[in-house]
Amino acid sequence: MQSWSAPAVPVLPGRGPALRLYDTADRQVRPVAPGPTAGMYVCGITPYDATHLGHAATYLAFDLIHRLWLDAGHQVNYVQNVTDVDDPLLERAERDGVAWEALAADQVELFAADMTALRVLPPQHYVGATEAIDEVVEVIEKMLAAGTAYVVDGEHADIYYRADATTQFGYESGLDRATMLELFAERGGDPDRAGKADPLDALLWRAARPGEPSWPAPFGAGRPGWHVECAAIALTRIGSGIDVQGGGSDLVFPHHEFSAAHAESLTGERRFARHYVHAGMIGWDGHKMSKSRGNLVLVSKLRAQAVEPAAIRLGLLSGHYRSDRFWDDQTLADAGTRLHRWRTATELPAGPDAADVIGRVRRYLADDLDTVKALAALDGWVTDALEYGGHDTTAPGSVAAAVDALLGVTL
């Protein structure tokens with residue numbers, strides 16, 4: 001699958017500090033310590049609707065990580081999937097009377113346009129589930145051979161993963177079994193499926209049904225389950241020991257718990273990723289923004305209304321990435337005002353010394369992506385520049401380059 005084009009990223013003098021991030025499994029902020037090449041896997045979209053601000057906030061958080069690694073001198077192997085065959089996509093296509101392949105292609109193209117507008121750095125590997133069928137089949141064959149997967153007998157011979165296949169299952173989310181079962185039912189699981197060994201066992205392969213897409217496999221035609229898709233794509237393109245696996249906080253369970261468990265059952269390692277990182281939810285009108293609720297603020301619609309993507313980006317960065325927060329008209333208005341002030345200050349012929357503010361922005365962002373403090377530090381420099389001026393003719397350009405490199409906002 002073709003990724004979107006990469007924006008140019010200025011190279012700043014010196015190196016940024018080592019990154020520290022909150023780890024969902026350990027429940028604390030701790031250092032991220034990649035080698036020369038940092039590996040990051042972020043779950044992509046299921047392309048049955050346009051990019052809303054909740055999606056955008058998630059991908060902006062991991063874009064910051066990508067930028068900070070580059071600033072610290074790392075290469076980045078960034079992998080993102082697209083779940084381009086799944087029940088929600090098929091259901092939407094049937095509802096709208098369109099081919100599921102066409103719906104997926106249209107929404108993937110729109111998502112790429114939104115990410116380009118927001119200046120999100122693209123993944124090196126952008127992989128649709130339909131492109132990774134052979135990898136998924138190979139993974140499932142290994143699981144069947146190892147006894148960590150089994151076939152449910154009946155009209156449809158679906159294949160399931162045993163939730164107890166690894167002794168550490170549950171470490172990422174830290175949830176008790178009752179909560180797991182509740183979320184499993186709410187988020188795509190099928191705890192009531194007859195014939196399963198355990199209600200928590202997760203679907204690996206959905207056997208072919210009439211009218212549904214399917215692919216051949218040694219164990220029977222069908223299509224991948226959700227979690228195994230990500231495990232197979234990540235293992236193939238990064239391998240075990242991923243530095244960061246990420247997505248929205250609604251993916252912690254069951255999706256990330258199971259994708260990690262799938263990989264761990266294959267590799268024998270205790271942890272699939274060294275860091276599990278999750279972004280908070282974005283709300284509108286007092287509720288979480290979601291397709292099922294229909295309260296979406298779409299990036300494409302904001303762009304169609306001539307809202308500048310840089311203002312959208314700044315509005316989303318005005319809250320901490322891990323916080324559940326609300327978007328409203330005032331958030332966007334404040335972001336537009338901030339953007340105008342920053343641009344005005346960086347267009348001045350001279351300004352206050354920039355070294356201190358750039359250093360503080362680097363430190364704040366390296367401390368679990370503290371954009372709130374980083375934006376406040378820049379606001380302070382801008383106020384000084386606009387109200388008191390300065391004598392450093394290189395400062396405005398240096399600040400603009402740092403804002404571009406680290407925050408992805410062009411001034």
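Contact here means heavy atoms within 4.5 Å. Helices (H or I, at least four residues) and strands (E, at least two) are DSSP runs, numbered from the N terminus.

The exercises concern a predicted model, in which local features need pLDDT of at least 70, side-chain atom pairs count only at pLDDT 80 or more, and totals for chains, interfaces and linings use all residues. Residues are numbered from 1 along each chain as its sequence is written, and side-chain values use heavy atoms, with hydrogens and water left out.

**Exercise 1. Helix α1 against helix α9**

Task: Find which residues of α1 and α9 meet, and state how the two axes are set.

Solution. 
1. From α1, the residues in contact are L53, A56, A57, L60, D63, L64 and R67; from α9, they are I312, R313, L316 and L317.
2. Sort these by class, where Ala, Val, Leu, Ile, Met, Phe, Trp, Tyr, Cys and Pro count as nonpolar, Asp, Glu, Lys and Arg as charged, and the others, Gly among them, as polar. The contact of α1 with α9 has eight nonpolar, no polar and three charged residues.
3. Take the axes as lines fitted to C-alpha atoms, for helices over the stretch in contact, with angles from 0 to 180 degrees between N-to-C directions. The axes of α1 and α9 come within 10 Å and cross at roughly 85°.
4. Name the arrangement: angles under 35 degrees count as roughly parallel, over 145 as roughly antiparallel, 65 to 115 as roughly perpendicular and the rest as oblique. Helices α1 and α9 are therefore roughly perpendicular to each other.

**Exercise 2. Two further helix pairs**

Task: Describe the packing of α2 with α3 and of α12 with α13.

Solution. 
1. Two packed helices are described by the angle between their axes and the distance between the axes.
2. For α2 (residues 87–96) and α3 (residues 100–117), the angle is about 110° and the axes are 9 Å apart. The pair is therefore roughly perpendicular.
3. In this pair, L89, L90, R92 and A93 of α2 meet W100, L103 and A104 of α3. Six of these residues are nonpolar, none is polar and one is charged.
4. For α12 (residues 371–388) and α13 (residues 395–407), the axes come within 12 Å and cross at roughly 165°. That makes α12 roughly antiparallel to α13.
5. A crossing is left-handed if the near helix is turned anticlockwise from the far one by less than a right angle, and right-handed if clockwise. Helix α12 passes α13 in a left-handed crossing.
6. The contact is made by L375, L378 and W381 of α12 with A395, P396, V399, V403 and L407 of α13. By class, the contact of α12 with α13 has eight nonpolar, no polar and no charged residues.

**Exercise 3. Open space**

Task: Describe the largest pocket and the second largest pocket.

Solution. 
1. The largest pocket has a volume of about 1400 Å³. Of its 48 lining residues, the closest to the centre are T46, Y48, P88, R187 and W226.
2. The lining of the largest pocket divides into 16 nonpolar, 17 polar and 15 charged residues.
3. The second largest pocket holds about 160 Å³ of space. Among its lining residues are V9, R15, R67, D71 and L406.
4. Helix α1 gives the most to the lining of the second largest pocket, with three residues.

Note on methods: On a 1 Å grid over the protein atoms alone, a cavity is a set of points where a 1.4 Å probe fits but cannot get out, and a pocket is an open set with protein on both sides within 12 Å along at least five of seven lines; lining residues have an atom within 4 Å of a point. Grid points are joined across faces, edges and corners, and a volume is the space filled by probe spheres set on the points.
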